[in-house]
Amino acid sequence: PLSGVSLSVQPTNGQVALGDLLLLSCALATGTGPLSFSWHRGGSATPLGTGPRLELHVGDKDSGHYQCRATNRDSTAESPPLHVTVL
């Protein structure tokens with residue numbers, strides 16, 4: 001089973017200026033592939049993107065909680081939510 005899904009963010013404090021680049025990275029402590037990743041904001045089921053990284057040029061509606069979901073054939077695991085603030 002998958003476990004230990006974690007997020008890292010650039011800029012590191014999760015605060016990004018309007019129009020700047022936000023980079024989110026997803027990592028997995030344990031689990032075997034093939035793996036797929038999806039990105040979600042505010043609990044939405046519709047993914048913002050796929051893959052282990054998400055890059056956004058942030059707009060005024062991009063503040064909120066972001067999560068990465070990792071999936072393989074057997075299980076799905078989610079990262080803790082990470083709060084991003086657009087300044």
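Two strands are counted as paired if DSSP finds at least two bridges between them, and the strands themselves are DSSP runs (E, at least two residues), numbered from the N terminus, as helices are (H or I, at least four residues). The model described here is predicted, so local features need pLDDT of at least 70 and side-chain atom pairs count only at pLDDT 80 or more, while totals for chains, interfaces and linings use all residues. Residues are numbered from 1 along each chain as its sequence is written, and side-chain values use heavy atoms, with hydrogens and water left out.

An unreviewed UniProt entry places the feature "domain: Ig-like" at residues 1–85; UniProt positions follow the numbering used here, feature names are shortened, and annotations may be inferred rather than shown by experiment. Over this span, 56% is strand and 0% is helix, and the end C-alpha atoms lie 32 Å apart.

An open sheet is formed by three strands in the order β1-β3-β6, with antiparallel pairing. Because β1 (3–10) and β6 (53–57) stand at the edges with a single partner strand each, one side of each is left without a neighbour in the sheet. Five antiparallel bridges join β3 (residues 21–30) to β6, and Leu23 is found opposite Glu55 of β6.

Further pairings involve β4 (residues 36–41). Six bridges link β4 to β7 (residues 64–71) in the antiparallel sense, with Phe37 opposite Ala70 in β7. Strand β4 also pairs with β5 (residues 49–50), again antiparallel, over two bridges; here Trp39 has Gly49 in β5 as its bridge partner.
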